[in-house]
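Hello,

Here is the structure I said I would pass on. Please look it over first, then read the notes below it.

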Amino acid sequence: MASASRVRVGTLVPLAKDGTGSSNGQISSIPIFEGSNVVGRNHMVVVDKRISRKHLSLHASADGSIEVVVEGPNPIIVRSDGQRRKVCAQEKAKIVHDDVLELIPGDYFMKYVDISDEHRSSISVEPSDSKKGKRHSEEESIAVKRNRQIMEDEALARTLQESFADESAAVLDMTSSQILSAPDSAASSEGNNGTMHSVAPLKDVLSLTFRLMRVQGLPSWTNTSAVTIEDVIQGDVRLAVLSNYMVDIDWLLTACPSLRKVPHVLVIHGEDGASLELLKKMKPANWILHKPPLPISFGTHHSKAMLLVYPQGIRVVVHTANLIHVDWNNKSQGLWMQDFPWKDAKDVNKKVPFENDLVDYLSALKLWPEFRVHFPAVGDVSINAAFFRKFDYSSSMVRLIGSVPGYHVGPNIKKWGHMKLRNVLEECVFEKQFCKSPLIYQFSSLGSLDEKWMSEFACSLSAGKSDDGSPLGIGKPLIVWPTVEDVRCSIEGYAAGSCIPSPQKNVEKDFLKKYWARWKADHVGRCRAMPHIKTFTRYNGQNIAWFLLTSANLSKAAWGALQKNNTQLMIRSYELGVLFVPQTLQSIPKFSCTEKNRSGLDSLTLGKTVKTKLVTLCWKGDKEKETSTEIVSLPVPYQLPPEPYGPEDVPWSWDRRYTKKDVYGSVWPRHG
C-alpha cells in the first residue's frame with residue numbers, strides 16, 4: 001500500500017482560529033513522512049488561490065523535527081513557545097511537536113503533532129463544540145454540524161452493514177475481517193476479527209480487480225479496501241502509459257514520487273491551450289506527450305487508463321479519475337486493474353477478445369512517435385499498439401468497451417460505443433431473473449439528449465439472452481444523479497458541483513423527470529462524496545446481470561448516435577470502460593507483477609468448471625447453496641434499487657444560482 005514505502009513521523013492537524021480542534025472545514029489533516037513533503041492548495045477542500053500549489057516544503061527528520069521552507073509568494077506565521085514569527089518566501093523555519101502554522105497569517109491554522117504523541121494529542125483536539133451546541137444550538141458552528149453529519153452517516157452505514165454482515169462475511173470469504181467499529185478505533189483495528197465490514201480485503205481475486213478509490217476526510221472504515229494512486233503505480237515499472245483527460249504533473253509527481261524513477265512515460269491526454277503549455281513546461285525530460293486527433297468538433301480525449309509494464313508482465317488499469325488532486329481525494333471514484341504475464345513463445349499467436357479490444361483501441365489513437373525500450377523477456381522492442389500483443393490476457397475477466405471518434409460503418413459499427421456494448425451483450429447468456437429487469441445509468445455529466453436516442457441507448461443496454469434462449473427484453477432505466485441538496489451538504493459543499501458540469505438546458509428537460517433517482521451510498525460511506533465515477537448496470541435486487549465501469553458520461557458524444565437509417569454510428573470522443581459479465585471458469589487468475597509470491601503463479605486451478613455470479617456487497621445469498629458458482633462481489637457504490645426523486649428533490653445543474661448556504665457557509669456560484 002501507499003504508506004508502506006515511507007515512514008510517517010507526524011500529522012498537521014487543522015485548528016480553528018481560537019486554537020481548538022474545530023477546524024473551519026476548509027483544509028484536511030496532512031500526514032507528514034520522513035524526508036520531503038509538500039503542503040499546498042491540493043490539501044484545501046475549498047480552493048483559496050492565496051495558497052500556492054506548492055505553498056510549503058517540509059523536510060522531516062526521524063526525530064520528528066521539521067524544517068519548513070516557504071515556497072509560495074505569501075508569508076506564513078510560525079507559533080512556537082508562545083512566540084509568533086513571520087516567515088517570508090524562500091525563508092526557513094524549524095517546527096517541533098505542538099507548534100502551530102498559519103498558512104496565511106490569521107487564517108488556515110495547522111498544529112504539528114509528532115506521531116509518538118499523536119494519539120494523546122488527537123484526543124486533546126477532539127471537537128467539544130457539540131456539547132456546547134446542546135446549550136447554544138443557535139451558535140453551533142458549521143464545522144460541528146459537518147462532523148455531526150459524518151458521525152450520523154457512519155452510524156447509519158454500520159447499521160446497514162450489520163443487517164447483512166453474517167451472510168456477506170461467508171459470501172466474501174474474507175481472509176482477515178475488517179471491523180466497522182467506533183470512529184476512535186477504526187483506524188487501529190485492521191488486524192482484528194469482527195462481523196462488520198465495508199469493502200473489505202477479500203481472498204477472492206476476482207472481486208479485488210474492482211475497487212473504490214480513497215476519499216480523504218471520511219471515517220477510516222469507509223476506505224478499508226479503497227485504493228490510492230500509489231497502490232496502483234508501484235514496483236519496478238519500466239514503461240508507463242498514462243491515458244487521461246486532465247493531467248496535473250505537479251500533483252502527480254507529488255502524489256506518486258515513484259513515477260520519477262520510471263525510465264519511459266507516455267502521457268496520452270486531452271489538454272489544450274494554456275493547460276497544454278503548462279503540461280509541456282512541467283513534464284520531466286523523459287516523458288512523451290501525445291494528444292490523439294479529434295476529427296469531429298466538440299470531442300475530447302476522455303479515456304482514463306494506465307498500462308504499466310514490468311519485467312514480469314503488464315498491469316492494465318481502467319478508472320474514472322482525472323490525474324488531479326480533487327479527483328483522487330474528494331470524489332467517489334472507481335478503478336479496475338489486473339496483471340498479466342508475458343506470453344510464452346508457444347502462445348505468441350494466441351489471441352483472446354480482451355487483447356483484441358485493447359489493441360484495436362490503441363491502434364485507433366493514431367499512435368504516438370514510436371520509441372524503443374529494453375525488457376529482459378523480449379529484448380529491445382518498439383512501443384506501438386502491436387507491442388501490447390506480447391502479453392497473455394487469457395485470464396482476463398472483463399471486456400473492454402471503447403469509443404473512438406469517427407463515422408463508423410460496416411463491421412466497425414459494432415466495434416465502438418453503445419453498439420460495441422450491444423454486440424458483447426448479445427453474445428452473453430444471463431439468468432432468467434434478468435428478463436425485463438431494470439437498468440441503471442450513473443455518471444457525472446449529462447449531454448443534450450432526446451427520447452429517440454434514449455430508446456436507442458436502452459436497446460443496446462437491454463441486449464442479451466436468458467438461459468432459455470429468449471431475449472432479455474427492454475429494461476426500464478433510472479438515472480442516479482445528485483440532487484442540489486446532496487451537493488450542498490457534500491464534503492466539498494457547492495464546490496463539488498463544478499465536477500458535475502451539466503447545464504439547466506440539459507438537466508431540466510421534462511422527459512427526464514421519470515428517470516431521476518437519488519445518489520445514496522450509505523453502505524460504503526460515500527453519500528457525501530459526490531460521484532465522478534461512471535457506471536451502467538442491469539440488476540435484479542442485489543444480483544447483477546452485468547456491470548460497466550467507464551469514463552463515458554451519458555451523451556451522444558461519448559456513446560455515439562446511429563445515423564443514416566442505422567447504418568452509421570457517429571462518435572465524437574475517446575472513452576474506455578471495463579464490462580463485467582458472467583464467466584465460465586476452470587481456474588482463477590492469481591498472477592501479480594508486484595507480489596513476489598504470486599509473480600510465478602498464473603492461476604489457481606479449481607478442479608471443476610464453475611460459473612461466476614455477480615452480486616453487490618449487500619447480497620444476502622447462501623454461498624453453501626452456490627456449489628458450482630464463484631461469487632464475485634462488486635462494490636457498487638449506490639443503493640440498489642435506487643430511491644426515485646421525491647417532490648422536493650431537484651437535480652443538480654451547475655449554472656443555476658443557489659442561495660441556501662452550503663456546509664462551508666458559501667452560496668453558488670461563488671462570484672457574480
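**What was found**

The model is predicted, so local features need pLDDT of at least 70 and side-chain atom pairs count only at pLDDT 80 or more, while totals for chains, interfaces and linings use all residues. Residues are numbered from 1 along each chain as its sequence is written, and side-chain values use heavy atoms, with hydrogens and water left out.

**Two cis peptide bonds**

The bond between W668 and P669 is a cis peptide bond, with omega at about -5 degrees. Another cis peptide bond joins L640 to P641, and its omega is about -10 degrees. P641 is also in the segment after β34, a strand that covers residues 629–634.

**The chain as a whole**

There are 15 helices and 34 strands in the chain. Of its 672 residues, 58% count as buried; buried means under 20% relative accessible area, exposed means over 50%, and partly exposed is in between (1.4 Å probe, protein chains only). The chain exposes about 27900 Å², and carbon and sulfur atoms supply 51% of that area. Accessible areas come from the Shrake-Rupley method with a 1.4 Å probe; for residues, only the protein chains shown count as cover. Among contacts in the chain (heavy atoms within 4.5 Å) with a separation of 6 or more, 68% are between residues 24 or more positions apart.

**Two residues with positive phi**

D81 is not a glycine, yet it has a positive phi of about 50 degrees. D81 sits in the loop between β6 (76–80) and β7 (83–87). Is D81 buried or exposed? D81 is exposed, and its relative accessible area is 75%.

Q90 is not a glycine either, and its phi is positive at about 70 degrees. The loop that holds Q90 runs between β7 and β8 (92–95). Q90 counts as exposed, at 53% relative accessibility.

Strands of a sheet pair through backbone hydrogen bonds, either parallel or antiparallel. In these notes, two strands pair if DSSP finds at least two bridges between them.

L15 stands opposite F109 in β10.

**A sheet of three strands**

Another open sheet has three strands in the order β21-β30-β29, with antiparallel pairing. At its edges are β21 (406–409) and β29 (561–563), each with a single partner strand, so one side of each is left without a neighbour in the sheet. From one strand to the next, the twist averages 30 degrees. Three bridges join β29 to β30 (residues 568–571), and these two strands run antiparallel. The bridge partner of A561 in β30 is M570.

Regards

Terms used: Helix = DSSP H or I, 4+ residues; strand = E, 2+ residues; numbered from the N terminus. Axes fitted to C-alpha atoms, helices over the stretch in contact; angles between N-to-C directions.
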